[in-house]
Amino acid sequence: MSLAQNSNPIIHNFNMDKYVASKKITKWKDLLYEKYYPLELKSVSNEFNEGQLSLIDTPGLRYGAIKSDSMTVHRRRKHVARNIDDYYFIPIPISDTISLSQRDREVKLNPGSFTVISTTESYAYFQPTTNSHLTLRIDGEIARSRIPLIDDLVCLNYESEVPLSKIFVNFISQAHIC
């Protein structure tokens, strides 16, 4: 099925408010594990209270809007080995900076900037503060069919001041529901 022939998008909203404080980080990790892919997640502080996730699913593409307390995320070899799903993950911080590393590259993203992460390889994500960000999870085969050299673009900083990057981020911002 081509993207032009897709059915209506499916919208999901999740909030950690209904869970007791001691269970929130575990429930947040479980949610991201289920809705994105296997990963390891830890809270940076002793408290994790904020966790909101809105998703829009279309064939081959998942838009996400996240607001959460500080956290670190690792997708390790063991996660990749257990899960053969092939995606490219594009995070776009809105409120504050985030840092990512993959393939011996490190990138610090300011609000409105973005990078591309391959989920078929290990990576690390660090969010030092409560933050909001937008995400795209793109089916790997679809991404490579449109951008054959996408693997060369992994973990580079696409800064918000660059006009084409700004157009992309503005387009994604309009597609999200929160």
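Which residues lie nearest the centre of the largest pocket? They are I90, L136, I138, I147 and F168, out of 22 lining residues.

This is a predicted model, in which local features need pLDDT of at least 70 and side-chain atom pairs count only at pLDDT 80 or more, while totals for chains, interfaces and linings use all residues. Residues are numbered from 1 along each chain as its sequence is written, and side-chain values use heavy atoms, with hydrogens and water left out.

**The chain as a whole**

The protein chain has four helices and 11 strands. Helices (H or I, at least four residues) and strands (E, at least two) are DSSP runs, numbered from the N terminus. The C-alpha trace spans about 45 × 40 × 35 Å along its principal axes. The radius of gyration of the protein chain is 16 Å, which agrees with the value near 16 Å for a compact globule of 178 residues. That radius is taken over C-alpha atoms, and the globule rule is 2.2 Å times the number of residues to the power 0.38.

Of the 178 residues, 44% are buried. Buried means under 20% relative accessible area, exposed means over 50%, and partly exposed lies in between (1.4 Å probe, protein chains only). The chain exposes about 9,500 Å², and carbon and sulfur atoms supply 52% of this area. Accessible areas come from the Shrake-Rupley method with a 1.4 Å probe, and for residues only the protein chains shown count as cover. Among contacts (heavy atoms within 4.5 Å) between residues at least 6 apart in sequence, 72% join residues at least 24 apart.

**Pocket and cavity**

Rolling a probe the size of a water molecule over the atoms shows where empty space is left. Here a 1 Å grid over the protein atoms alone is used: a cavity is a set of points where a 1.4 Å probe fits but cannot get out, a pocket is an open set with protein on both sides within 12 Å along at least five of seven lines, and lining residues have an atom within 4 Å of a point. Grid points are joined across faces, edges and corners, and a volume is the space filled by probe spheres set on the points.

The largest pocket has a volume of about 510 Å³. Its lining takes at least two residues from each of β4 (61-68), β11, α3 (140-146) and α4 (163-175). By class, this lining divides into 18 nonpolar, three polar and one charged residue. Ala, Val, Leu, Ile, Met, Phe, Trp, Tyr, Cys and Pro count as nonpolar, Asp, Glu, Lys and Arg as charged, and the others, Gly among them, as polar.

The structure holds one cavity of 30 Å³ or more. About 120 Å³ of space lies in the largest cavity. Among the residues that line this cavity are L32, Y36, Y37, M71, F89, Y123 and H133. The elements that give two or more residues to the cavity lining are β5 (71-75), β10 (123-127) and β11 (131-139). The cavity lining has 10 nonpolar, two polar and no charged residues.

**Selected residues**

| Residue | Relative accessible area | Class |
|---|---|---|
| S68 | 0% | buried |
| A65 | 4% | buried |
| P128 | 34% | partly exposed |
| A81 | 63% | exposed |

Strand β4 holds S68 and also A65. Not counting residues up to four places away in sequence, S68 touches W28, F48, E50, G51, Q127, T129, T130 and N131. A65 and S54 are 11 residues apart along the chain, and their C-alpha atoms are separated by 5.1 Å.

P128 sits in the loop between β10 and β11. With residues up to four places away in sequence left out, P128 touches S70 and T97. P128 and M71 are 57 residues apart in sequence and 6.6 Å apart in space, C-alpha to C-alpha.

A81 belongs to helix α2 (residues 77-82).

**Positive phi**

Most residues other than glycine have a negative phi. D104 is not a glycine, yet has a positive phi of about 60°. D104 is in the loop between β7 (98-102) and β8 (105-109), and counts as exposed at 85% relative accessibility. C155, also not a glycine, has a positive phi of about 55°. C155 is in the loop between α3 and α4, and is buried because its relative accessible area is 3%.
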